[in-house]
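Here's a quick briefing to read alongside the model. Have the sequence and the 3D view open as you go.

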Amino acid sequence: MRIVSWNTQYGTTNSLSELGAGRHSEPEFRDALRQIAALEPDVVAFQEVERGQGRSARMDQPRIIAQELKAAGMAWTAFAPSYMGWGSGLRLYPDPDVRQAWPAFGVMLAMREQPRAWKIARLGKAPIRWVSRGPKVWQGKPAFGETRVLLAAVHARGEVFGTTHLEIHPDTAKSQARRAFNLLASLGHPVTLIGDFNLSPAAVADALDCNATLDVGLGSDLNHLEPGRTNISATTFPAALPRANMDQAVIDPGKSTVPILGAGALQLSISDHAALVVETGDITQVAREAPAPITYLHEMES
């Protein structure tokens, strides 16, 4: 199983682009998606995906991602907005009934096979807090939290995958990670949570009680097989010269065995993040049961 997670930074070019950093080009965005598709992934997770925003040349990025990945053989994609409206203006609760039309910002999942079920859950946001800009009280400003979401899907074989983009407020991010993992575990096992966690691997391992933490740098072949939860990360940020492990995957095999065979980073000319790539082996000791019918659970949870 090959899993890819990429924070697209809403399609913004970086210094690896011939256009230079801070630009928006639909052809270059599509080219980056084709590079990911060339890896022949089974699951791809995206964060910071948006539609109809002025800061990203009003590209319909969910549509572009769906087009490119489905052309490469992915059977299913879904977009989960964390808000509808504008990045620098009015933001509204993401109503599923009009999700396809409004400007929006959120996360996406794609799978090579049609999932048994999929679901979106709200993870809450950080409290309003005062960010100091100097020694005086008035030398600061309020910081408002941003609602985050979990997009989960149950693979045809029974594995559960979820993606999210956690808050920059550490305590909130840890709480969101725990809630996301509990929601995924309620859908089955093995569980894989992937995305931009905005936390160090050590903080994620502590928040989710991981048994092992694998920091694979820019790329590594692994032969890791250990019971319990495992955190996997690579240096993916900033994209042109990665030095931080913000993009991570946490795998909980449950009563199964999931060998972790490799992981690394794929540098692209789009985004301030490289893509995280994780390779897992065949799952064993999974209870064999008749495949469940495909149902689509796309309601928002409070």
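This is a predicted model: local features need pLDDT of at least 70, side-chain atom pairs count only at pLDDT 80 or more; totals for chains, interfaces and linings use all residues.

Residues are numbered from 1 along each chain as its sequence is written, and side-chain values use heavy atoms, with hydrogens and water left out. Helices (H or I, at least four residues) and strands (E, at least two) are DSSP runs, numbered from the N terminus.

**The α1/α2 pair**

- Helix α1 (residues 26–37) packs against helix α2 (residues 61–71) at about 40°, and their axes are 10 Å apart. Axes here are lines fitted to C-alpha atoms, for helices over the stretch in contact, and angles run from 0 to 180 degrees between N-to-C directions.
- That makes α1 and α2 oblique to each other; under 35 degrees would count as roughly parallel, over 145 as roughly antiparallel and 65 to 115 as roughly perpendicular, with the rest oblique.
- The crossing of α1 over α2 is right-handed, meaning that the near helix is turned clockwise from the far one by less than a right angle.
- On the α1 side, Glu26, Phe29, Arg30, Leu33, Arg34 and Ala37 make the contact (heavy atoms within 4.5 Å) with Gln61, Arg63, Ile64, Ile65, Gln67, Glu68 and Leu69 of α2.
- By type, the residues of this α1–α2 contact are six nonpolar, two polar and five charged. Nonpolar covers Ala, Val, Leu, Ile, Met, Phe, Trp, Tyr, Cys and Pro, charged covers Asp, Glu, Lys and Arg, and the others, Gly among them, are polar.

**More on α2**

- Gln61, Pro62, Ile64, Ile65, Ala66, Glu68 and Leu69 are the buried residues of α2. Buried is under 20% relative accessible area, exposed is over 50%, and partly exposed is in between (1.4 Å probe, protein chains only).
- Their cover includes α1, β2, β3 and β5.
- After α2 comes Gly73, with a positive phi near 105°.

**The largest nonpolar core**

- This core has 29 residues, and Val43, Trp76, Leu109, Trp118, Leu151 and Ile232 touch the most other members. A nonpolar core is a set of buried Ala, Val, Leu, Ile, Met, Phe, Trp, Tyr and Cys residues joined through side-chain atoms within 4.5 Å.
- Among the elements giving two or more residues to the core are β2 (43–51), β3 (76–85), β5 (104–111) and β6 (117–124).

**His224**

- His224 sits in strand β13 (residues 219–224) and counts as buried at 14% relative accessibility.
- Beyond its neighbours within four places in sequence, His224 contacts Ala212, Leu214, Thr230, Val258, Pro259 and Ile260.
- With Ile260 the C-alpha separation is 5.1 Å, although His224 and Ile260 are 36 residues apart along the chain.

**Backbone details**

- His189 and Pro190 are joined by a cis peptide bond, omega about -5°; Pro190 is in the loop between α3 (170–185) and β11 (191–196).
- Another cis bond runs from Phe237 to Pro238, with omega near -10°, and Pro238 lies in the loop between β14 (230–233) and β15.
- Gln9 isn't a glycine but has a positive phi, near 50°. You'll find Gln9 in the loop between β1 (2–7) and α1, buried at 17% relative accessible area.
- Ala57 also has a positive phi without being glycine, near 60°. Ala57 is in the loop between β2 and α2, exposed with a relative accessible area of 52%.
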